[in-house]
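Here is a short briefing for a first look. Keep the sequence and the structure side by side as you read.

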Amino acid sequence: MSESQDLTGAEDTPQPGDREQITLINVRQGSFGALGDTSGFDGLVTPVMMPGASERPYGEWFDGVVDVLEELLGDDAAAAIEHVVVDRGELTLHIAREHLLAVARHLRDDQDLRFEMCLGVSGVHYPADERPLHAVYPMQSITHNRRLRLEVAVTDADPHVPSLTGIYPMNNWHERETWDFFGIVFDGHPSLARIEMPDDWVGHPQRKDYPLGGIPVEYKGAEIPSPDNRRQYR
Amino acid sequence: MTQTAPQATGAFVDDPDAPEYSAYGGDWSEIAEEAERLAQQRIVVNMGPQHPSTHGVLRVMLELEGEIVKEARAGIGYLHTGIEKNMEYRTWTQGVTFCSRMDYVASMAQEAVYCMGIEKLLGITDDVPERANILRVLMLELTRIGSHLVAVGTGGNEMGATTVMTTAFIAREDTFRIAEMISGLRTNNAYIRPGGVAQDAPEGTVAYIRELIPQIKQKLDELADLQLENPIFKGRLKGVANLDLAGCMALGITGPILRSAGLPYDVRKAEPYFGYETYDFQVPTSTDGDAYSRVVLRMEECYESLKIVAQCCDRLEATEGQPVMVADKKIAWPAQLSVGSDGQGNSLDHIRHIMGESMESLIHHFKLVTEGFKVPAGQVYAATEGPKGLLGVHLVSDGGTKPWRAHFRDPGFNNLQALSILTEGGQVADVVVAIATIDMVLGGVDR
């Protein structure tokens with residue numbers, strides 16, 4: 001732990017004005033993680049943001065990759081790459097979904113980019129964000145030994161993202177999983193069926209509004225509530 | 001959310017008039033007669049979900065013409081336990097216990113990549129003490145040997161060679177003995193923790209490992225002698241379940257299958273973690289791209305791992321007494337575990353200290369253990385070379401004490417996609433070989 005970081009304080013979250021804010025992860029209420037105490041802090045509302053957009057220079061090899069990509073995208077570059085975030089030594093490109101296929105194709109095919117593998121797609125649900133459903137694609141370049149991340153955000157009302165299976169066939173099952181768990185619809189997927197949950201399952205279990213489930217358990221006379229009903233120290 | 005959502009797989013055969021046979025065991029001759037009477041060329045066989053060769057519960061849907069597999073599809077999800085969702089309701093540290101149970105044949109591989117992700121989020125990667133990293137490498141390599149031995153052993157068993165399995169499991173048991181001595185548990189160890197490892201290796205560990213290495217090596221030799229020149233074994237595996245490099249790249253295959261196609265890609269070499277760049281080991285490859293070469297590669301990797309284990313022993317001796325957890329008391333687990341007369345638990349010295357001597361220590365212990373530590377908001381991706389391929393984790397923190405999202409890229413999940421390409425056009429008997437060569441564990445695939 002470097003000394004400049006304070007884990008206990010509010011300094012965790014980048015302050016507004018530092019960087020352009022992108023994703024609202026969560027809105028936290030109260031001060032101690034649990035509501036209903038007598039401290040009076042229950043009224044405290046703290047938005048928690050993802051680390052915001054970065055300014056050039058991005059450092060390491062990041063500038064080069066973004067330059068090449070912008071050049072290949074031409075006039076679409078500004079619309080396609082919504083934000084560039086460099087955080088903890090990792091590069092994240094926020095991509096507009098209309099341009100995802102073009103971006104992925106360039107990433108795979110250009111000799112200076114050559115991200116041969118897409119390591120799947122991880123869904124993330126940020127209910128408080130204006131575009132709550134995020135599809136996160138880690139891209140791996142074996143040639144250049146680099147990794148970057150593409151992030152596409154969509155709304156609940158229109159949860160469509162183009163499927164990458166045409167460019168990265170390996171993403172077939174990963175997209176099915178993300179559809180299954182988050183309800184993101186990957187347009188153009190050859191068979192977007194549920195993969196982990198039963199075929200007739202209703203709902204998308206890894207969304208934040210989907211309960212974990214579980215039953216209270218009696219232990220030595222005391223009743224222990226199920227994990228999602230316990231006091232949460234967030 | 002649109003309601004016209006795509007539905008899951010329809011009937012495997014579209015023709016509603018297609019005859020259906022249900023086997024309940026013991027009625028095979030009736031089914032065969034009926035099939036003969038109807039004289040259908042193409043039949044659909046549902047293999048699993050509880051077939052012994054499926055490494056968990058995998059369902060394979062096969063469309064056959066005689067003995068030839070025309071189409072093969074894998075159906076998974078039978079072992080889905082919602083581990084990733086559960087992890088969102090536990091502290092970062094408790095998550096270790098959950099992810100350990102994903103691919104239960106390679107428990108510590110998941111723990112390691114998960115902790116690597118947390119450390120990256122916290123920015124403490126460089127603060128993890130050297131001895132902790134040595135212990136991690138030691139455990140990861142033992143895990144790799146254990147996992148490969150299961151792959152090779154059960155693969156042999158599935159083809160009818162029980163001795164291959166028993167020999168492999170005897171050797172694997174030795175790797176468990178070392179893991180048990182250090183962590184207290186054979187599997188599902190929850191040993192690798194954010195910031196280090198749960199406890200230091202007890203006295204005599206190095207000597208014990210040195211005693212077992214030749215024993216494991218001898219069993220590996222035995223296994224190699226049993227299999228690699230056996231004409232039946234070669235007949236069953238050579239040229240079976242082929243996948244070339246282009247196929248591997250299209251399907252995102254990593255691990256021994258990718259290396260069997262000729263690409264020496266190993267995350268331990270490409271992006272070294274836990275100090276792997278300082279160890280002397282080779283990455284075996286082959287260009288045959290068949291099931292046989294993958295068995296050979298797994299065996300060779302076991303020998304390489306043993307080399308690393310031996311190097312870990314020397315380093316453990318050199319770092320005797322050094323810490324195995326980060327110095328930051330806001331993150332480090334407050335107590336070391338110890339073995340008492342009633343089993344393993346918090347060390348008695350620690351209990352005495354917090355219960356009898358220092359109220360502040362008690363508060364600190366309570367806060368850290370029940371509430372957990374906070375992780376600054378953000379997301380990371382960490383990748384390691386698991387026994388089965390590239391094992392990745394995507395972690396998102398909302399600045400709280402629990403993961404906002406933890407997603408694991410299990411190599412088995414990705415690699416199982418290759419089942420169709422490995423089996424279609426081949427013999428139905430080779431499906432079992434193909435499944436064994438992918439070496440996925442359904443606990444990890446389904447999570």
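**Sheet, interface and core**

In chain B, three strands make an open sheet in the order 8-9-10, with antiparallel pairing. Strand 8 and strand 10 of chain B are the edge strands, each pairing on one side only. The twist averages 15° from one strand to the next. The model is predicted.

**Around the sheet**
- Six bridges link strand 9 and strand 10 of chain B in the antiparallel sense.
- B:Leu395 sits opposite B:Ala406, which belongs to strand 10 of chain B.
- Helix 4 of chain B lies across strand 8, strand 9 and strand 10 of chain B. Helix 4 runs at about 145° to strand 8 of chain B.

**Contact between the chains**
- Chain B gives 55 residues to the contact, and chain A gives 51 residues.
- Elements of chain B that give two or more residues to this side include helix 4 (107–122), strand 8 (378–386), strand 9 (389–397) and strand 10 (403–409).
- The side of chain B that touches chain A has 24 nonpolar, 17 polar and 14 charged residues.

**Nonpolar core**
- The largest nonpolar core has 168 residues. B:Met139, B:Leu416 and B:Leu419 have the most contacts inside it.
- Helix 5 (residues 130–158) of chain B supplies the largest share of this core, 13 residues.
- Beyond four places away in sequence, B:Leu419 touches B:Ala72, B:Ala74, B:Ala434, B:Ile435 and B:Ile438.

**Helix 17 of chain B**
- Helix 17 (residues 429–438) of chain B is mostly covered, with nine of its 10 residues buried.
- Among the buried residues of helix 17 of chain B are B:Ala434, B:Ile435 and B:Ile438.
- B:Asp439 follows helix 17 of chain B and has a positive phi, near 55°.

Technical notes: Residues are numbered from 1 along each chain as its sequence is written. Chains are lettered from A and ligands numbered from 1 in the order in which they are written. This is a predicted model: local features need pLDDT of at least 70, side-chain atom pairs count only at pLDDT 80 or more; totals for chains, interfaces and linings use all residues. Two residues are in contact if their C-beta atoms, placed from the backbone, lie within 7 Å. Helices (H or I, at least four residues) and strands (E, at least two) are DSSP runs, numbered from the N terminus. Ala, Val, Leu, Ile, Met, Phe, Trp, Tyr, Cys and Pro count as nonpolar, Asp, Glu, Lys and Arg as charged, and the others, Gly among them, as polar. A residue is buried if 20 or more other C-beta atoms lie within 10 Å of its own, exposed if 12 or fewer, and partly exposed in between; C-beta atoms are placed from the backbone. A nonpolar core is a set of buried Ala, Val, Leu, Ile, Met, Phe, Trp, Tyr and Cys residues joined through C-beta atoms within 7 Å. Two strands pair if DSSP finds at least two bridges between them. Axes are lines fitted to C-alpha atoms, for helices over the stretch in contact, and angles run from 0 to 180 degrees between N-to-C directions.
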